[in-house]
Amino acid sequence: MTRPLHPTSLILHPCLLPATALGLLIASGAALAQAYPAGPVRVIVPFPPGGGVDGAGRLISQKLTEALGKQFVVDNRPGANGMIGSEVAARSPKDGYTLMVNGANFVTTPSLYGKVTYDPVKDFEPVSLIALAPNVLVVHPSLPVKTVKELIALAKSRPGEVNFAGSGSGSTPHLAAELFNTLAGVTMVHVPYRGTGPAIVGLMSGEASVMFMPTTNAVPLVKAGRLRALAVTSLQRVSAMPELPTVSESGLKGYESSQWYGMLAPAGAPGDVLELLNSHIMRIMQAPDMKSRMTGEGLVAVGNTREQFAAHIRSELAKWAKVIKASGAKVD
């Protein structure tokens, strides 16, 4: 595949160039960004087809294909909770023709696993946060609580007796509950299941009493009266359940836990290309039809600057490292 030359490959310092030459260099950089892509772009998704990260990867790849006129092709590289595909992406050519769409596991695996072969900050360039997927704090109808404050009071009065369902050790629902434990000063006990579906079945059967459940799954069960919703885990209320308060406004100030989906590139990828991709993703995610589609799927459309996404990654790495250390959660 022929790759267009990027100005980052030039070794002359701009201060050594005549004014005319410097102007041509800047103009050529803009032109090269406009010419990108010259051929297909690989979008690595480090999880199997069918999940949330894969869905986000396919959606944004389709939209970028439409916007830029060349194929953005999803390449699923599952395994080791996203680490295999992430390593492939980190070691790929730094030419803008290999990208990655990943989720919240990207910032929790370094603390959950003993050895990770890549650095989420040093080995990647952020492109844009695509969307957030808040959870809903739900309880089995038999649990005598209707608010977050009542749940905290009950858990404090019965330490170690209130169980919560999780979709595996280190999963987003598991860590959301551990963050709740830490901030509320309670000890609810994790009941791990092999995936979100089995965890929901366990909650419905009464094996567990509490779950931090994806909004998409929670909405129909709450509306049918089969579960009781107490709050959403994002900092703002969600359009899918506007009447439901956030955990933070319900008394646990500052609580926030959401799955997220974002695009990254290998460190060293051309900055002009990353800015081009960022501008398209921001436009795509802020379009009214996309916002409406995201709301219908229980998601929040984002699309932010590269700097904002970088700050989000650093903040999430630090927050979840503390939660994982405090909870003792580990994955072999």
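**Figure 1. Helix H8 and the elements that cover it.** In this predicted model, helix H8 takes in residues 215–223, and its buried residues are Thr 215, Ala 218, Val 219 and Leu 221. The cover over these buried residues includes strand E4 (124–139), helix H7 (196–205) and strand E7 (210–214). Gly 225 follows H8 and has a positive phi, near 80 degrees.

**Figure 2. Helix H6 and its burial.** Helix H6 runs over residues 172–184. Of its 13 residues, 11 are buried, so H6 is largely enclosed by the rest of the structure. The buried set consists of Thr 172, Pro 173, His 174, Leu 175, Ala 176, Ala 177, Glu 178, Leu 179, Phe 180, Asn 181 and Ala 184. Just after H6 comes Gly 185, with a positive phi of about 70 degrees.

**Figure 3. Packing of helix H9 against helix H10.** Two packed helices are described by the angle between their axes and the distance between the axes. For H9 (residues 271–286) and H10 (residues 288–296), the angle is about 65 degrees and the axes are 5 Å apart. H9 is therefore roughly perpendicular to H10, since angles of 65 to 115 degrees fall in that class. From H9, the residues in contact are Ile 284, Met 285 and Gln 286; from H10, they are Pro 288, Met 290, Lys 291 and Met 294. Sorted by class, this contact has five nonpolar residues, one polar and one charged.

**Figure 4. Surroundings of Gln 286.** Gln 286 belongs to helix H9. With a relative accessible area of 36%, Gln 286 is partly exposed. Not counting residues up to four places away in sequence, Gln 286 touches Lys 291, Ala 301, Val 302 and Gly 303. Gly 303 is 17 residues from Gln 286 along the chain, and the C-alpha atoms of the two are separated by 6.8 Å.

**Figure 5. Asn 304 in a loop.** Asn 304 is placed in the loop between strand E10 (300–301) and helix H11 (306–327). The relative accessibility of Asn 304 is 11%, so this residue counts as buried, the limit for that class being under 20%. Leaving aside neighbours within four places in sequence, the residues in contact with Asn 304 are Val 127, Ser 128, Leu 129, Asn 278, Met 282 and Phe 309.

**Figure 6. Packing of helix H4 against helix H11.** H4 (residues 105–112) packs on H11 at an angle of about 40 degrees, and the two axes are 9 Å apart. This angle makes H4 oblique to H11. The crossing of the two helices is right-handed. On the H4 side, Phe 106, Val 107, Thr 108, Pro 110, Ser 111 and Leu 112 take part; they meet Ile 313, Glu 316, Leu 317, Trp 320, Ala 321 and Ile 324 of H11. By class, nine residues of the contact are nonpolar, two are polar and one is charged.

**Figure 7. Backbone geometry in two loops.** Most residues other than glycine have a negative phi, and most peptide bonds are trans. The bond that joins Tyr 36 and Pro 37 is a cis peptide bond, with omega about -5 degrees. Pro 37 is in the loop between helix H1 (19–35) and strand E1 (41–45). The other loop, between strand E2 (72–76) and helix H3 (83–90), holds Ala 80. Ala 80 is not a glycine, yet its phi is positive, about 55 degrees. Asn 81 is found in the loop between E2 and H3 too. Asn 81, also a residue other than glycine, has a positive phi near 55 degrees. Ala 80 is partly exposed at a relative accessible area of 37%, and Asn 81 is partly exposed at 26%.

**Figure 8. The protein chain as a whole.** The protein chain has 11 helices and 10 strands. Of its 332 residues, 52% are buried. Among contacts between residues at least 6 apart in sequence, 77% join residues at least 24 apart.

Definitions and conventions
Residues numbered from 1 in each chain as written. Predicted model: local features only at pLDDT ≥ 70, side-chain atom pairs only at ≥ 80, totals over all residues. Heavy atoms only, no water. Axes fitted to C-alpha atoms, helices over the stretch in contact; angles between N-to-C directions. Helix = DSSP H or I, 4+ residues; strand = E, 2+ residues; numbered from the N terminus. Parallel < 35°, antiparallel > 145°, perpendicular 65-115°, else oblique. Contact = heavy atoms within 4.5 Å. Nonpolar A, V, L, I, M, F, W, Y, C, P; charged D, E, K, R; others polar. Expected span 1.5 Å × (residues − 1). Buried < 20%, exposed > 50% of the residue type's maximum accessible area, 1.4 Å probe, protein only. Left-handed = near helix turned anticlockwise from the far one by under 90°.
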